[in-house]
Structures are given as C-alpha cells and as structure tokens.
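Here is a short report on one predicted model.

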Amino acid sequence: MDPSGGCNFCVRQKFAFERVIRLGIYEDQLRQACLGAKGGRQQALAAALAELQWERRVEAFRDTPIDVVVPVPHFWLQRLSRLHNPAETLAGVWAHNLRVRKSDHILVKAKWTKPQRSLPADRRRENVRKAFKVGRREEIQGATVLLVDDIMTTGATAHEAARVLKQAGAGRVITAVVARAMRN
C-alpha cells in the first residue's frame, strides 16, 4: 500500500514512512489470528503469521533493499506485564528471511501512552507524539529501515516512529504489518 495517494483512508494524510507491506485486512480470521498473537505465550502464532506474509508478499519485501529491521517497541512498564511483543517476533522472522540484522534497541518508547485502540482516530497522532526516541543513531545513518508492527489502524504509531527514525538519520522507512484496519 502506498500512502501517498493509493489508499482512500490515507489520501489526506502525510506519513513519514514510504509504504506499507501488509498481509491483509484486519477482519474475520486474520483479525482473530492477530488478536491471538498478542496473547501470553503466542510467539509461535506471531511467527506463523510472519512466515505466511513472507510467502505471500516476498516481492514486496525484496522491492527495496532493507538494512535493518526495527520493531515498534512497548513502553518499559508494558514489557513487565506482557510476556511478548508480537512486533519483535514478526521483526525477527522478517530480518532472518531478509538476511539483515534486527535491532530491538534502536527505537525506544520513552513515554507511556494510552492504548491507541481506546482513542478516536483524530486523537491518535497526538497520543503518540514524542513517545519514541532513537537510542543508537549511528546504526541507522542513511539506512533503509523496515519498521514492524502487528496491526495498523490510522497509521499514527508508524508515522511517529518513522518520523523519529528519519529525524535521527534514517534514509528511508518502510512499514510492515500483518493487518491493516480499514475504517470509514
């Protein structure tokens, strides 16, 4: 998906990432699988979704040479209460398949935010504004970063994370998610 004009939901928005690679629409069985992958010890389900997406979208992943894969992180307090971050599992599979490094420490979520799902679409960008920081700038100078999350709804989280990565020196940011929610 190209957010610069090809997506009816994105046409009036400016994003810091170039495009989105997704497996499908966040509905029906894919929605259930994504929700299941968020649960306790569900790394295997998240990894299976990543492999399925790789099989179906391999050309989209290989379209642009990727230098580093970066998962969207959780805030440290969330990491204490959640057993895993699906974005880290997805990023690990895709980094392995792309034969590039995955870095869990380049992007840090530096402030607590309300869960995006609890907010209306027009408040989500404000909620994540200044939530992310880049810890290792030297690792992304001029690099093409594959930014990974499990689900994209409005694109606010991916936009803010990509904005911070580019501000820190990343040359390009491509986003990959398992599912894209389509809202009216």
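## A starting question

Is valine 58 buried or exposed? Valine 58 is buried, because its relative accessible area is 19% and buried means under 20% (exposed is over 50%, partly exposed lies in between; 1.4 Å probe, protein chains only). Valine 58 sits in helix H2. Helices here are DSSP runs of H or I with at least four residues, strands are runs of E with at least two, and both are numbered from the N terminus. Isoleucine 21 is 37 residues from valine 58 along the chain, and their C-alpha atoms are separated by 9.8 Å.

## Basis of the model

The model is predicted: local features need pLDDT of at least 70, side-chain atom pairs count only at pLDDT 80 or more, and totals for chains, interfaces and linings use all residues. Residues are numbered from 1 along each chain as its sequence is written, and side-chain values use heavy atoms, with hydrogens and water left out.

## Helix H2

H2 spans residues 43-62, 20 residues in total. Its end C-alpha atoms are only 24 Å apart. A straight helix would reach 28 Å at 1.5 Å a residue; the expected span is 1.5 Å times one less than the number of residues. H2 also has a kink of about 75 degrees, centred on arginine 56. The bend at a residue is the angle between two fitted axes, one for the seven residues ending there and one for the seven starting there.

The buried residues of H2 are Ala46, Leu49, Ala50, Gln53, Trp54, Val58, Ala60 and Phe61. Contact means heavy atoms within 4.5 Å.

## Salt bridges

The whole structure holds six salt bridges. Each pairs a side-chain nitrogen of Lys or Arg with a carboxyl oxygen of Asp or Glu within 4 Å. One of them joins glutamate 18 to arginine 172, with the closest N and O atoms 2.7 Å apart. This pair links distant parts of the chain: glutamate 18 lies in the segment before S1, arginine 172 in strand S8, 154 residues apart. Glutamate 18 is partly exposed, at 31% relative accessibility. Arginine 172 is also partly exposed, with a relative accessible area of 32%.

Arginine 136 forms a salt bridge with glutamate 139, and here the closest N and O atoms are 3.5 Å apart. Arginine 136 is partly exposed at 35%. Glutamate 139 counts as partly exposed at 23%. A network of salt bridges links Arg101, Arg136 and Glu139.

## Lysine 102

Where is lysine 102 found? Lysine 102 belongs to strand S3, residues 101-102. It counts as partly exposed, at 32% relative accessibility. Its salt-bridge partner is aspartate 104, with the closest N and O atoms 3.3 Å apart. The two side chains also make a polar contact at 3.3 Å. That term means a pair of N or O atoms within 3.5 Å; within protein, one must be able to donate a hydrogen and the other to accept it, and residues adjacent in sequence count only if both atoms are side-chain atoms. Aspartate 104 is partly exposed, with a relative accessible area of 30%.

Beyond residues up to four places away in sequence, lysine 102 touches Val69, Pro71, Glu88, Ala91, Gly92 and Ala95. Valine 69 is 33 residues from lysine 102 in sequence, yet 4.6 Å from it in space, C-alpha to C-alpha.
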